[in-house]
Amino acid sequence: MVIKVFLASSSGSTAIKKKQQDVVGFLEALKIDYAQLDIASNEDNRAWMRENVPGEKKPTNGIPLPPQIFNEEMYCGDYDTFFDAKEDNTVYEFLGLTPPPGSKKIELKEAEQNGDAHTAELEEDEESKNAETDAQDENEEEEEPAEEEEESRKPAEEEEQEEAEGDKVEDNHLVSEAEDELVSEEEEELRELEED
């Protein structure tokens, strides 16, 4: 099965170009085989695309715009339906392809077949919650050392302040002692002078 993506290589619309790039880029990222069919340079491609887009999927003017996606002859959808499938993580189903081994959709299908769909969904939810909780715990652990450092810094800063204040008090005490000595020396000199 080949996925056919109908594109317009020489479109003047930047919106259409972005949509085409989004579809092609996503298919390449998932390593899905696809063929690009240009409707701008090949009239047969344009006619085939317009004829094979179902009537209910055509816009009101009747002319479908690229990108249009097919799986061989089966119509998959336009960009909007592709985008919705991408958001819902159902691109393989949208394209009519079997999801690769190991994808979440396969695990859920197997669980459904075994009657464990609800359990599988709950386990998946639990795993995502655990991952979120782990991430939150890591963030909290990273924040704690910063708080501890700040707390250990506070006593050190307070000690330095106390020491500085103690030095000031000591300096003031020394100054007052020196002043007292000077005063007492002057008083002694005055007494001696008076005695003479």
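A search of the whole structure, which is a predicted model, turns up eight aromatic pairs. One of them joins Phe6 and Trp48 in a stacked arrangement, with 5.4 Å from centre to centre and 15° between the planes. This pair links distant parts of the chain: Phe6 belongs to strand E1 and Trp48 to helix H2 (residues 43-52), 42 residues apart.

How do the two partners compare in accessibility? Here they are side by side.

| Residue | Relative accessible area | Class |
|---|---|---|
| Phe6 | 1% | buried |
| Trp48 | 22% | partly exposed |

Phe6 counts as buried because its 1% relative accessible area falls under the 20% cut-off. Trp48 has a further neighbour worth a look: Lys4 lies over the face of its ring, 4.9 Å from the ring centre.

Now to the sheet around these residues. Four strands make up an open sheet with mixed pairing, in the order E2-E1-E3-E4. Strands E2 (34-38) and E4 (74-78) stand at the edges with a single partner strand each, so one side of each has no neighbour in the sheet. From one strand to the next, the twist averages 25°.

Strand E1 (residues 3-7) pairs with strand E3 (residues 68-71) in the antiparallel sense, over four bridges. Lys4, the residue over the face of Trp48, has Phe70 in E3 as its bridge partner.

Helix H3 (residues 79-87) lies across E3 and E4 and runs at about 85° to E4. Elsewhere among the aromatics, ring pairs link Phe26, Tyr79, Phe82, Phe83 and Phe94 into a cluster.

Note on methods. Residues numbered from 1 in each chain as written. Predicted model: local features only at pLDDT ≥ 70, side-chain atom pairs only at ≥ 80, totals over all residues. Heavy atoms only, no water. Pairing = 2+ DSSP bridges. Helix = DSSP H or I, 4+ residues; strand = E, 2+ residues; numbered from the N terminus. Axes fitted to C-alpha atoms, helices over the stretch in contact; angles between N-to-C directions. Contact = heavy atoms within 4.5 Å. Phe/Tyr/Trp six-rings, centres within 6.5 Å; stacked < 30°, edge-to-face > 60°. Buried < 20%, exposed > 50% of the residue type's maximum accessible area, 1.4 Å probe, protein only. Lys NZ or Arg CZ within 6 Å of the ring centre and 35° of its normal.
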